[in-house]
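Open the model in your viewer and keep the selection panel at hand. The tour moves through one chain and then across to its partner.

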Amino acid sequence: MVERWLREIQNLPSVKGTFITTMRGAVLESYGLEIEEQDMQNMAIRLLRIHALTWEAENPLTEIELYWKNLFIVGKISQNILLVTVCDSPQVVALLRITINVSLSHIVQEKKIYKKAKSHVTDPSHLLRKGQLDENETKLLAKR
Amino acid sequence: MALIGNLKDIKLPSLIQLNCMEHNTAKLTIERAGRFGFVYFENGQVSHAEFDPYIGEEAVYKLLGLVDGRFKVESDVRPPVRTIHTSWSNLLLEGMHKLDHAQDDGENIYNKMFERLLTIRGVNMVWVLDAEGQTIFSTDQKEMAQTLNVVFIALQAERLARPFSRQPVRFISLLLGDRRLIITSYHHEYIMIELDKKTKSDTVIPLIRRAIGKI
């Protein structure tokens, strides 16, 4: 069932593929992307670090969009699930956003996914602790 | 009753013109990013102005460069001293002339950019941050720019795309509750823009790019 919703997203123009992870970055399911699971996990962890920065704020991050010349990445967080979508370019963005929202709302209702995501719930700030970051990143965080 | 507003909506030349043509005696207070400026009108003439560290005509010229800032006009407040003897019309003409020929120093460049960005529908606030993420200029004084580690966010964004691209990320859009923030690099600095939640990043980014590129 989860694959069906990821396929819905992947079927849109310019979408390369999509995947979902827990809040620790563990990949639960992916569709369409021809990269290693480890690469997906690395992408997720970096998105989750950005989320962790805002975690203690009044309004934590729920959505991030990243624009490159020939690349567009959307990360959406809902109920302890991160959905990442990778596109060649930001085409039909309105439709993409709707499809992501609808798909994610169905995905979080999947029992198997829900259970796994719940078991991985953690303090987001652990992704910003020493040992998780390289020297440059640690230095940048120390300036906060 | 005091007239209160923002220079985004009524420009300072219009405020000066209005008070002088109405032969008002009043005090105009302008606040921008914690810095205060004062212009006093006496019987329809600009008689005194202060904008730390400037006093007199120079203060008016500096205030004319502001594109936003809260203002308040209080009637029947007399100036503590008279430092301006030029007629209001000549003062405005000279001020506008100076603005047109102002050297493009850093502040002027950012003021022009702020003006262009703030005319984009949905743009609420703009910050310019240095390479270390500290606010250099902003359209409003807010702590968020300091607490949100923009440089760290940009670094994570750049690194996460490595399986696909090694180019620098052009725009980062963050949705934080009701606030949408756009972050982009600009030379060795960063520009952060706060949008209305309803404003979609993909529709506003081409306009932002144009506004920034026009400098």
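How many residue pairs are in polar contact between domain 1 of chain B and domain 2 of chain B? The count is one residue pair, with both residues at pLDDT 80 or more. Keep in mind that this is a predicted model.

**Stop 1: the two domains of chain B**

Now show the contact between them. Nine residues of domain 1 of chain B touch nine residues of domain 2 of chain B. The two domains bury about 810 Å² between them, and 41% of that lies on carbon and sulfur atoms. Pick B:Arg32, B:Ala33 and B:Val67 next. These supply 51% of the area that domain 1 of chain B buries against domain 2, more than any other three residues.

Look for salt bridges across this domain interface: the rule finds zero. Yet the domain 1 side that touches domain 2 holds five charged residues, along with two nonpolar and two polar ones.

**Stop 2: chain B against chain A**

Bring chain A into view. The contact takes 33 residues from chain B and 36 residues from chain A. About 3,100 Å² is buried between the two chains, 65% of it on carbon and sulfur atoms. On the chain B side, select B:Phe152, B:Leu160 and B:Phe164. They lose the most area to chain A, together 23% of what that side buries.

Switch to polar interactions. Between chain B and chain A there are 18 residue pairs in polar contact, both residues at pLDDT 80 or more. Which elements of chain B give two or more residues to the side that touches chain A? They are α6 (150–160), β9 (171–176) and α7 (201–213). Highlight α6(B): nine residues come from this helix, the largest share of that side. By class, the chain B side has 18 nonpolar, eight polar and seven charged residues.

**Stop 3: salt bridges and paired strands**

Four salt bridges are counted between chain B and chain A. For one of the contacts by that rule, zoom to A:Glu63 and B:Arg180, whose side chains meet in a salt bridge at 3.3 Å, N to O.

Finish on the strands. Select β3 of chain A, residues 61–67, together with β9(B). The two run antiparallel and are joined by six bridges. To see a bridge pair, pick A:Glu65 and its partner in β9(B), B:Ser173.

Technical notes:
Residues are numbered from 1 along each chain as its sequence is written. Chains are lettered from A and ligands numbered from 1 in the order in which they are written. This is a predicted model: local features need pLDDT of at least 70, side-chain atom pairs count only at pLDDT 80 or more; totals for chains, interfaces and linings use all residues. Side-chain values use heavy atoms; hydrogens and water are left out. Contact means heavy atoms within 4.5 Å. Buried area is the accessible area (1.4 Å probe) that two parts lose on being put together, summed over both. A polar contact is a pair of N or O atoms within 3.5 Å; within protein, one must be able to donate a hydrogen and the other to accept it, and residues adjacent in sequence count only if both atoms are side-chain atoms. Ala, Val, Leu, Ile, Met, Phe, Trp, Tyr, Cys and Pro count as nonpolar, Asp, Glu, Lys and Arg as charged, and the others, Gly among them, as polar. Helices (H or I, at least four residues) and strands (E, at least two) are DSSP runs, numbered from the N terminus. Two strands pair if DSSP finds at least two bridges between them.
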